[in-house]
Amino acid sequence: MKVQNNKAWLMVLPMLLLVAVSAIIPLMTVVNYSVQDTFGNNEFFWVGTEWFHEVLASERFHNALQRTLLFSALILAIEIPLGIAIALAMPRRGIAVSFCLVLMALPLLIPWNVVGTIWQVFGRVDIGLLGHGLASLGIDYNYTQNTFDAWVTLIIMDVWHWTSLVVLLCYSGLVSIPEVYYQAARIDGASRWAIFRFIQLPKIKRVLLIAVLLRFMDSFMIYTEPFVVTGGGPGNSTTFLSIDLVQMAVGQFDLGPAAAMSLIYFLIILLLSWVFYTVMTSLDNDAASEQGRH
Amino acid sequence: MLRLANIARRVDSHNALQDISLELKRGELNILLGPTLSGKTSLMRVMAGLDRPDSGELTFDGESVIGVPVQRRELAMVYQQFINYPSLSVYENIASPLRVAGLDKQEIETRVAQAAQLLKLEPYLNRKPANLSGGQQQRVALARALVKRASLVLLDEPLANLDYKLREELRAELPMLFAELGAVLVYATTEPSEALVLGGKTACLNRGRVEQFGPTLDLYRDPDTLMAARLFSDPPLNSLALSRGNGGLRFAGAEQALPAAVTAELVNALPADEVESTLTLAVRGHHLRLGSDVAHASEPSTRESLIEIRGTVDVTEITGSESFVHFTFMGQPWVALLDGIHALPGGAAITLYARPHDCFLFNTQTGKRVRKLSGGE
Amino acid sequence: MASIHLKNLGHRYAAYDAGSDNPYALNPLDQVWEDGGAYALLGPSGCGKTTLLNIISGLLRPSEGRVLFDGEDVTDLSTERRNIAQVFQFPVVYDTLTVAENLAFPLRNRGMESTTIEARVAETLTMLGLEGRANERARSLNADDKQKISLGRGLVRTDVRAILFDEPLTVIDPHLKWQLRTELKKIHERFSHTMIYVTHDQTEALTFADKVVVMNAGSILQVGTPEQLFDRPRHTFVGTFIGSPGMNVLRCTFDGEAAVVDGVKLPLDEATIKAAHARGLATSGVSLEVGVRPESLLVVGAGVNTDDDPHYVRVDVLGVEDLGRHSLVRLRLGNQLLCALHPEGAAIPEAAALRFDPARTLLYANSLLVEANG
């Protein structure tokens, strides 16, 4: 009967192979491109870190990076508080719960390019409900010509599409808080804010961290929706890193710089995610030790 | 028979289980007694095959069962939480392990009916678990474990979430229910009184080690270590270090030595190699008595043969027929369990007596018993 | 601190099953609980004790009657405005705050000055024996220390009118239960807060309270000191619920001078006989029972000459269980089972007689104690 059960490893093997093929090999290909130049015909020349220098020095990259960072910052600043607020306002029991949950899940079920198309049509001044509506109210709105309007449209679209995710994550954290905590807080005379700060927030902290990371990475890599709605315009005003990258790689076929840029892009995401994670986990510890000093 | 030999397991770099060797026989009730985190649940998980020990042997009827997945073991487990299938009726809950085993319909009906009768669940067979009281829900879980006729039954504090009185009732029924199975029965609890009511054998667990294993009453009356005595005392065990000098024993820090007769009785019973050891004396609360309760207390010869304990009352708890008098003796918190109502105010002086042969002596360094006494006989 | 008056209080849940014969979750009652008293509500699950506690704390509004604190009607006040403190079954602490911060929390919420808060917190820490741990994070504490903090958040306030406990020792290990329980007792002795303690555990209730309120099926069966409940339970339920094992209750008849159990006469005391006569129990045909505690029965061997003494009754010994501190002797008297407690170490005779003490042999009519003034 003394059989070592090693079958588990066999089960994992296909997944390991899949990860190797789907992630590591393309990544190595990109690394390969990023240090070489080609003039077609499958001829490659070693250029070292030249593409990296060029990308890092290019104004086009800087602008795209700034736009992307600004976009992510705005998305997080709106979606996280809004998501928490909606989750707090949602009912905790009764049939209204399922209704709210389905309502919340709806936007998440729509394919990304369809979301883009919906808003592209929705915002059009000639036939779109939103665009036409605003125009008939006398508001000068045109996302294809006005940079501000384009940004507002993209942000509202993303908020509409993704706030649900934050809501659902927070809600799952909130419903897991036992009722006695609220009773105890009421007896302690805690204000609504104190209940949120000292009971709800600590309990949803972990899911909130996941929400922030997911929303950051996702918004930082956003491509499909702005591509469908604005195509990066007007001008370059909504050309985020991802759109820029595709334009460079596919539109201009500058494989070397595009590869270098995607590696830099990848490292930035990695770095910022790590920063978010460490700051948010240590923030909690700091808060506690600071209060300890009173 | 379930045999454990030198079982050890580390969890997160601390020793959850250390060097555990036990032989648990079929048809016997084996109790694991210890506080929270003493390793009771860890040990049960190893027995069940849910966790693999880092080292040691685990055999059932002579065959090693290490690495045998839990699904293939003949095993039933009941937890502190009432775990039933919420969507199934009580009948279906009890029948579920039999359906998995592929028994025919007739056999399932017979066995479920039997278990339901034993556990008084007959009126509730068509209900859902959510419509039952806590005690009934736990009966369903027990019935499920019972019908399976497993050769190893693990009960992890099964009564902890029940009402006190219900606990008393089920506790009395449990050993009888499982006795007929001829299974190895293991029962974890934190309460000494529960172990005493259940009887059988007890293993005292402390920090992942077995302090002592043997018949429950022997362990209670004749603990091998100070820790085992502590684990098996409710109210908590009273203890104090003794010191030597001027030809007598005395409580550490006390001015007066114990009476010569008491010293002689204690010293005479010491094994030769322990005569020089530092000793700790321990006595259970109900072995402390007021002077008025000691027969012939007024006679000097009686007083001379008793250990006198003078303390200051901390607080008194009265249960209606008994009093727990918490007092401070030589700076240590002690508790006496006295018959009758003794409403002593805090700060009052109290004098109590203990018979030397009701006391345990331990080697202070090793924590081991240094004298064998016949306890309360 | 305040006295609590539950005035003609009763509660029925709106959604209560209409077909049921009793619509009340809590049958109408009238109780006055003294300022500074320690009360325990004792009873099995579903007896209404938690409903009653929630009515006092203000989490539940009674369907009838009023709740008065020191004569002031608080029935319509919310929990937070009643100035009560509550300790729950599972310790509630604010995880991210330190021990001291947790204690300061209810004071901060009420906008007290920081110097006053600091003084109160320091005082409370001493009270709880947590002086050295003020700056530890609450999350890292054991269950029993967390429970102390839950209690501390009540003790720290000067405006608290009552501290309520809802089975506070459920998740505490047996050894620590002793500590926490005695500390609670000491705090009550020193500071005399009005305390109400809900539990199903008789040891906790009896040791904690000055007065124990025994409840079953939505009704209060008896309010009394631990001694009263033990010696003279007014209802057979109280007798069997309190005590381990509980009181022996045997069906009987009354022949005018003694209780008769399956043809065997058990002596009763004068007062009981008088009361029984006054109510005509010898002929009335009401259901009678005799109640006697296992602790007050004395098992003696056949060697003792018991023939001429009416206090002794012959019984069969069915079995003996050694419980350590004492033995439980299972006996049969006529066709009914009963048990007696026997001291540790004493030999159990095989053929035995049982000594009944008339003063401790109680008579019950329709489950209620037959007594002189009843």
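Residues are numbered from 1 along each chain as its sequence is written, and chains are lettered from A in the order in which they are written. In this predicted model, local features need pLDDT of at least 70 and side-chain atom pairs count only at pLDDT 80 or more, whereas totals for chains, interfaces and linings use all residues; side-chain values use heavy atoms, with hydrogens and water left out.

Confidence is described here for chain A. The mean pLDDT (the predictor's confidence in each residue, from 0 to 100) of chain A is 81, and 92% of the residues score at least 70. Among the elements, which are DSSP runs numbered from the N terminus (helices, H or I, of at least four residues; strands, E, of at least two), helix α3 (residues 59-89) of chain A has the highest confidence, at 91, and strand β2 (residues 44-46) of chain A the lowest, at a mean of 73. The pLDDT falls below 50 over residues 287-294 of chain A, a stretch that has 14 contacts in the model beyond near neighbours in sequence; a contact means heavy atoms within 4.5 Å.

Between chain B and chain C, 37 residues of chain B are in contact with 33 residues of chain C. The two chains bury about 3100 Å² between them, 53% of it on carbon and sulfur atoms; buried area is the accessible area (1.4 Å probe) that two parts lose on being put together, summed over both. Chain B and chain C are linked by 5 salt bridges, each defined as a side-chain nitrogen of Lys or Arg within 4 Å of a carboxyl oxygen of Asp or Glu. Lys186(C) and Asp314(B) form a salt bridge, with their closest N and O atoms 3.6 Å apart. On the side of chain B that touches chain C, at least two residues each come from α5 (164-179), α6 (192-198), α7 (216-221), α8 (226-231), β15 (307-318) and β16 (322-329) of chain B. The most, 5 residues, are given by β15(B). This side of chain B comprises 15 nonpolar, 11 polar and 11 charged residues, where Ala, Val, Leu, Ile, Met, Phe, Trp, Tyr, Cys and Pro count as nonpolar, Asp, Glu, Lys and Arg as charged, and the others, Gly among them, as polar.

Over all chains, the structure holds 50 salt bridges. In one of them, the side chains of Arg186(A) and Glu80(C) meet at 3.4 Å, N to O. Arg186(A) lies in helix α8 (residues 179-187) of chain A and Glu80(C) in the loop between β5 (72-73) and β6 (84-87) of chain C, so the pair joins two chains.

Domain bounds come from an automatic or database domain assignment. Chain B is assigned domain 1 (2-222) and domain 2 (238-363), whose centres, taken over C-alpha atoms, are separated by 40 Å. Chain C is divided into domain 1 (4-238) and domain 2 (244-369), with C-alpha centres 38 Å apart. In chain C, 10 residues of domain 1 are in contact with 13 residues of domain 2, and the two domains bury about 1000 Å² between them, 52% of it on carbon and sulfur atoms. Phe230(C), Arg232(C) and Thr236(C) lose the most area on the domain 1 side, together 52% of what that side buries. The count between these domains of chain C is 1 salt bridge.
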